[in-house]
Amino acid sequence: MAKFPMIYPNGGYEECFTPFEIFKTLGVTFDIDVAAPAVPIPWIPAKRSFTQNDDGLNQPWSGLIWMNPPYSKPLPWVTRFIAHANGIALLPTSTGRWMDLLWAADTSWVLSPPIRFIKSDQTPFKGLFPNRVWFVAMGEVGTSAIVRLGKVR
């Protein structure tokens, strides 16, 4: 699923993805990427993935999940993430219900400097995402992994 579309004046858009270094630093394998892009991204360490065609929001979730939902409508994903309570989510700081998520989370982290998202071919995306993003972790494995993000540069 599109992590966020970068809209261009000509009406086109481009999907942007979490860089490989983030996953390398987290150092975990997820059981499911619940909002995966349509084209498989090889550096996302997940045993299974649900794309937009799979309707990951309405699939059964189990184990440790990675969630980088569509930023156009993150609210139902946030609600589901809170209920599942085991994984790591990457969300814009402007996400609705952020206070509920903050209280439910075991830990959260806003990276500074902000993430530079990349294209599917791993080249840097030149556009800037207008909001900061934050990682939210629930569960022991996710919480331990997110602490390692302090080493991301």
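Helices and strands here are DSSP runs, numbered from the N terminus.

**View 1. Confidence across the predicted model.** Before zooming in, please keep in mind that this is a predicted model. The average pLDDT of the protein is 81, and 80% of the residues reach at least 70.

**View 2. Strand β3 and its two parallel pairings with β4 and β5****.** Here we look at β3, which spans residues 30-33. Its pairing with strand β4 (residues 46-49) is parallel and comprises 3 bridges. Strand β5 (residues 65-67) also runs parallel to β3, joined to it by 2 bridges.

**View 3. Ile32 and its partners in β4 and β5****.** In β5, the residue standing opposite Ile32 is Ile65.

**View 4. Asn68 in the loop between β5 and α2****.** The loop that holds Asn68 leads from β5 to α2 (75-84). Is Asn68 buried or exposed? Its relative accessible area is 0%, and buried means under 20%, so Asn68 counts as buried. For a polar partner, look to Thr18: the side chains of Asn68 and Thr18 are joined by a polar contact of 3.0 Å.

Key:
Residues are numbered from 1 along each chain as its sequence is written. Side-chain values use heavy atoms; hydrogens and water are left out. Two strands pair if DSSP finds at least two bridges between them. Helices (H or I, at least four residues) and strands (E, at least two) are DSSP runs, numbered from the N terminus. pLDDT is the predictor's confidence in each residue, from 0 to 100. Buried means under 20% relative accessible area, exposed over 50%, partly exposed in between (1.4 Å probe, protein chains only). A polar contact is a pair of N or O atoms within 3.5 Å; within protein, one must be able to donate a hydrogen and the other to accept it, and residues adjacent in sequence count only if both atoms are side-chain atoms.
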